[in-house]
Structures are given as C-alpha cells and as structure tokens.
Amino acid sequence: MERKDIVVLAKDNSVLRFLQGFFEGRKTYKARYAEDPRSLTKTMLEKSPSAVIAEGAMLRELARRIDGAPTIAVIRGNAKEDIENAISCGAKSYILRPYLDIDLEYKLASAIVDRNTVEKMESERKELEAIVDLTQLIAATLDPKDLLYRIVAKVADIIPVTRCSLIRADKRPDITNIKLSLSKYPEIDEALKSRKPLIINDVPRNPLMSKVRKFVAPLGIRSILVIPVLLRDKVIGTLFLRTSRVDHTFTPNEIRLLNALANASANVLHNALLFEQMEDEKARLEKLAITDYLTGIYNVRYFHHRIIEEFSRCQRYRLPISCLMIDIDFFKRINDEFGHRTGDEVLKEFARRLKKRIRKSDVLARYGGEEFILLLTQTARDGAIAEAERIRQCIEKKRLKTLQNKGGLTVSIGVASWPHRNVTTYDDLISCADNALFIAKNRGRNRVATYEKKEQPARKGRRKGSSGPRAGRG
C-alpha cells in the first residue's frame, strides 16, 4: 500500500514532539518536516501532498504556497482567535490541546478521504464534459476521415500521449489511408480478437511484443493501450494509444474514460461509414448512368447532354466546334469469323485506343453498335480533319491484341464543323457528321470525309472577350 505523503510545518517543540511521536512507526503515512512555509523545498512542492499539518500562525503564508492539499491546523494559543484564523485561511479541520493521537488520526483520515472524494468527483465531471464535447464535436460531420481526426484530436487533448490513432477495421485502416499489417502490431491483433481493452504496461518485457520488440525499442515506448470500438458486438475500429512515459502507465480512470469515448464514438462512426458507402454507391450509379456498359466510355445519352452545353457555349462566344462520327469498317466480318464475344473485346480495345488519342476536354461516346462519336471543343474544320486523319492512321497501323495480332481494323470517319451555313443546332452538327460518314463509306471506306455542302463565309471580327475560331487543335 502506498504511504500517504504528509507535510508538517511546525517549530514549537511541544507540537513537534507530539507529531514526531504520532508518525513514528506508522506505515500508512510518510511525514516531511519544515519550520515554516518559506523553508518548503522544491521537492515538497512538485507534487501536492495528501495533507498538510501546520501551526495556526503559518496558515496564511502556507495558503499561497500549497494549493489543493487539505490542511489541519494545530491550535496552541488563544483557541477562539486561532480557530477563526484557521477557518479564514482555508483549514479543513483543527486539533486542540491536549493533543491526542486518536483525534489527529481521525482528522487526518477524514481530510484525505474528503480530498479523494473531491478529486474523484472532479475527475468524473471532466470525463462527462469530455464525452459531451466529443459527442457534439463528432455529430457535426459525416465525413469518416474528418470524424476519425476529430476523435483522435479530442483524445490527445484530454490525455497526454505520444501517439493516438483510430484505426478502421473495415477497408481503409486509418485516417491517412495507410494499410497496417497486423503481424507488425500484435497488440492491435490481440485486441481485435478478444474484443476487450488491452493494456501493456511494460512493453520491453511483455511476451506479446517479443516479435516486434526490436522495432519498438528505438521509439522508447513504455505503455500501450488498445481499445476496440464495438457496435452491436461488431468491431468497427480500435483506439490505439501509445505513450513513452517511463514513470507513468495508463491509469484505471484513463482507461475508463477512453472506453467511454470509444463507446460514444461507435454509433456516429458507424453512421459515417454507412454514409460513405451510400455516397460511393451513389457515385458508382451516377457513373453507370453515363457510361456505356461494354466499352466503359460515355454513352450516347451523356453525349447529347454535353453537346447541347458545348454547342450553346460555342455559339455564345463564337468559338468553333467539330463532331466526328467514326465507324469500324467491316465489323460484321469479325463477328462472323471470331464470334460475338471476340467482337465485344475488339470494341473495348478500340475504345481504349480512341480514349488515349483525345484531349481531356473532348467527349468520346459509343453511338451504337460499332459506331463512335467524338466532340472536339474549340476545334475548327481544318483541325478536326487533321485529327480525324491521325486517328484513322493510328487505327490502321496497329494490329489488335484481342485478335492475337492476326488482324487489324480500319475506320471511316465523317467530319462536320460549326460555323457552317447548314448547321444551326447541335442536332444539325450530328446529322452532318453522320452524312459525311456515309460519304466516306461510299468512297471505299478507310478514309475521312467532310460534310461538303457550301459553307457560310467566316464572319469578320469576333465578340469581345472570345478567343475566336482556330484552325488546329493545339
């Protein structure tokens, strides 16, 4: 049992004899003596003693030097005057002549019990405040990364530790998205298996840490505490705390508080993870809604949405815009010779090649079957023709891995651009590109053709603030 530290301030011989006789041989107390408050050593003041016994005359000076320790006044002069002085100076109790061991024993034990009760109540008040603060703090977000950070920051603010981590046990291990190998963290692995708090008070000597001791030793880690975060018996994460304090391990109060914080976090963390899953699923569905199921590029529905926006913008600022309709030549032969599944793989490989050739600002979509459509923003007729020819040559020169390099493809491409006298809407632009594709196919395929109706002369000048049409793609 730890001996209670008692500071004694007395210089009267009779008082000293009584107190020395009282503490002599007692195993529950350890008395340290000083003649007056000014003679208190630094060692005495570093840690607040369990109690102070002092002559009445010293109480006023003593109150300015020791804070928090209960004081028992020794009354040796005018009883009424000294008692009033002791009470005004904050003494918790007093002893009168004749000094009796049983009286001091009772007063001393009562003072220590009262102090412990007050400290416990204060500790519980702070714990409740911490839980309330954390609950309010984490209720303000549904972002798992932000939530994990807030929990860790709050714990680190309450309890001084070298490191505090909240590790996710579902898919992304922690807030930095660094995956952890449990073989390197046996303490976390054990806590996840047992689903109970795990405390290691002496890391260098604990058998559980034997395999990782050489990695932990340079860090100076003394104590480790791992608390699983449970929700309906399911582990959704762990509070992982480490400290390198040599003279201090995790106290029962700290463990209880961290357990309470983990329990308070569990439901909110679970909801945040569910919200994240819903957002991921929403994003996945949104992507599916605009993506061609086979090739993975945009579908024609999304293409129409984008061409309406881009064509309107180009009309407003007098910027050029072009559309390419691309068709794979004799694609039916591939299906007939190699089968429809191989044909599907050819379409996928073809789409990947096209996607690598275009700018991020361009819009590529599967128009239907073996036809693809490409929108070239801010690209005039000459630039669109040049790009179409580059695409045609690229497809012609490279054989297909899907066909094990036994065969290649050629494409026919129709090009239409705006400004043009026959193009007044986005639908006209698509129709003209489709007509140009028909021309390319009629002329023998594997070629580029443009919409050949008489074009409207380019307007002189341009609207203020616009860049005007350009010939190339840049």
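1. N335 is found in helix α11, which covers residues 331–338; helices here (H or I, at least four residues) and strands (E, at least two) are DSSP runs, numbered from the N terminus. This is a predicted model, where local features need pLDDT of at least 70, side-chain atom pairs count only at pLDDT 80 or more, and totals for chains, interfaces and linings use all residues. Residues are numbered from 1 along each chain as its sequence is written, and side-chain values use heavy atoms, with hydrogens and water left out.

2. Is N335 buried or exposed? N335 counts as buried because its relative accessibility is 15%; the cut-offs are under 20% relative accessible area for buried, over 50% for exposed and partly exposed in between, with a 1.4 Å probe and protein chains only. Leaving aside residues up to four places away in sequence, N335 touches H340 and G343, contact being heavy atoms within 4.5 Å.

3. On to the rings. The structure holds seven aromatic pairs. One of them is F18 with F22, a tilted pair at 6.5 Å centre to centre and 35° between the planes. For the bookkeeping, rings of Phe, Tyr and Trp (its six-membered ring) pair if their centres lie within 6.5 Å, and planes under 30 degrees apart count as stacked, over 60 as edge-to-face and the rest as tilted.

4. Where do F18 and F22 lie? Both are in helix α1 (residues 13–23), four residues apart, about one turn of the helix. F18 counts as buried at 13% relative accessibility, and F22 is buried too, with a relative accessible area of 1%. The rings of F22 and F23 have centres 5.0 Å apart and planes at 85°, so that pair is edge-to-face. F23 is buried, as is F22.

5. Ring pairs link F18, F22, F23, Y29 and Y99 into a cluster. R26 lies over the face of F22, 3.8 Å from the ring centre. The criterion is NZ of Lys or CZ of Arg within 6 Å of the ring centre and within 35 degrees of the ring normal. Another case is R445, whose charged end sits over the ring of F330, 4.5 Å from its centre.

6. Last stop, A54. This residue lies in strand β3 (residues 51–55) and is buried, with a relative accessible area of 0%. Not counting residues up to four places away in sequence, A54 touches L9, L59, L62, I72, A73 and V74. A54 and E35 are 19 residues apart in sequence and 9.5 Å apart in space, C-alpha to C-alpha.
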